[in-house]
Amino acid sequence: MTPQRGRQSLGGLVVLTIIVGYLLEQFTSRVIDGTRVVASASGGFTYVSSSSYSRWVTLLTLAVVLALTGLALIRTRFRQDPRSLYAVLWMGFVAWWIAAVWVLQRSGTQNTMIVQVLVVAGTAAVLADPPNRLTIQRLDLVRDVMIVVSLLISLGLPEIGQQPCRADKCGIFGGMATGFFEHENLAAAATIGLFPALAAQTSALRRVVSTVLVVVMCLATASRASLLAMAVLIVFFLCTSRRAQRGVYFPAVWKMLPAAGLGVSLLVFLTASGSELTSRGVIYDAIRDEFHGVAVAIGSGADTMVRVYANSEINFFVSHEHGQAPHLLSHTGAIGLTIFFVMLLAALRLDLRDDGSVFALATLIAMAVIAPLEVSWNLGAAAMGVGLMVSAVGFAVDTSERARLSQPDPDEHDLEGAQTDRWVESPQPSGGA
């Protein structure tokens, strides 16, 4: 079964649930639970909070996702329909990731399990009942609301929504805006992660307003990687704005960016050291020491950063690898990194004649631009990246699949009693897309 126009698909509801659930968890943690990072007497850091409502939000999100996925599978008779090579390779990567963490490394944590359940359930849902234009429009609204609330908290409750300026960066409001997120990079990553939802916005005024909100939020956080990603996405949207008449400008260049971003991340990880890249070199030195023997192939474990922080000479708080390539290597090893890289290369096959595929590619581009210096998709936390990667699987359609999806599906008649619209726009000049 595939979604009708005007009706939210179950796969789309799963994507929305994952992303909105994450935002509610962040809001609850910071504003209601009062979670803070506090230095310990030993020089380490720990999270302290006055309550644990945010944990219940995460569990509720997981329960709703599982329920919606079950309903999607039942309604479609457990049929899965990967519409792109990207989706097929994604399933291969997820299978290896689960095997590496639980069977080979034996390093899984409760958070890792939650993420993997969300990923598996979300993937099954979007392949059974793919998200549609309405899903993107809802994500577009979620992003604007998120930015407004974050800015209000940053300006009205600076003790929660602002961090002091650093010597190397400062936001436009006299600090680094965090909104209701743990730190400024998370706030900026969430903003950029949802910026691709602009693809389904038909109102010129709304496009301008939404873009201005994104620009203000990125400038307020002072996140340089997100500012770069924002600029790249604005140019991308300009190149796709007239695709119905002329096709997408420079399609091969845009389709190569996701894989290129991961490649740059790997190069930076292998070459940077010491105080380079605002001390990321120190982190990379410590992480590289974890890779020896079989760990190179299967990964050093989901608990790599715990060991790095405990055993290295790092004297500042480190919660993640500060780069997508070292993050993937830690969790899945060279094998997982290779599968992921080939999966991103499969973006070269994407058809860019509808808003769904444009959204999928824009999502991968946004994450790729951040990838060299930040973890754009965290395999150890139920964060924004989970919903974004799952949504890309549901929206990605290869050019070779377009003709098949345009044909009536006899099974649809059995399931619904009438033909449904597969959300494929009328044929348009491809323009090399």
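**Note on a helix pair and selected salt bridges**

1. In this predicted model, helix α8 (residues 204–221) packs against helix α9 (residues 224–240) at an angle of about 160°, and their axes lie 9 Å apart. Since angles over 145 degrees count as roughly antiparallel, α8 and α9 are therefore roughly antiparallel to each other. The crossing in which α8 passes α9 is left-handed.

2. On the side of α8, the contact is made by Thr 211, Val 214, Val 215, Cys 218 and Leu 219, while α9 contributes Ser 226, Leu 227, Met 230 and Ile 234. Sorted by class, the contact of α8 with α9 comprises 7 nonpolar and 2 polar residues, with no charged residues.

3. Turning to charged pairs, the count comes to 12 salt bridges, of which some are described here. Arg 206 forms a salt bridge with Asp 140, and the closest N and O atoms of this pair are 3.1 Å apart. Arg 206 belongs to helix α8 and Asp 140 to helix α5 (residues 133–156), so the pair ties together parts that are 66 residues apart in sequence. Arg 206 is partly exposed, with a relative accessible area of 30%, whereas Asp 140 is buried, with a relative accessible area of 2%.

4. Glu 374 forms a salt bridge with Arg 280, with the closest N and O atoms 2.5 Å apart. Here Glu 374 sits in the loop between α16 (355–370) and α17 (384–395), and Arg 280 in helix α12 (residues 276–288), so this pair ties together parts that are 94 residues apart in sequence. For Glu 374 the relative accessible area is 10%, and the residue is buried; Arg 280 is buried as well, with a relative accessible area of 11%.

5. A further salt bridge joins the side chains of Arg 288 and Asp 285, at 2.3 Å from N to O. Arg 288 and Asp 285 are separated by about one helical turn, because they are 3 residues apart in helix α12. Arg 288 is partly exposed, with a relative accessible area of 22%, and Asp 285 is partly exposed too, with a relative accessible area of 27%.

6. Finally, salt bridges that share partners join Asp 140, Arg 143, Asp 144 and Arg 206 into one network.

Methods
Residues numbered from 1 in each chain as written. Predicted model: local features only at pLDDT ≥ 70, side-chain atom pairs only at ≥ 80, totals over all residues. Heavy atoms only, no water. Axes fitted to C-alpha atoms, helices over the stretch in contact; angles between N-to-C directions. Helix = DSSP H or I, 4+ residues; strand = E, 2+ residues; numbered from the N terminus. Parallel < 35°, antiparallel > 145°, perpendicular 65-115°, else oblique. Left-handed = near helix turned anticlockwise from the far one by under 90°. Contact = heavy atoms within 4.5 Å. Nonpolar A, V, L, I, M, F, W, Y, C, P; charged D, E, K, R; others polar. Salt bridge = Lys/Arg side-chain N within 4 Å of Asp/Glu carboxyl O. Buried < 20%, exposed > 50% of the residue type's maximum accessible area, 1.4 Å probe, protein only.
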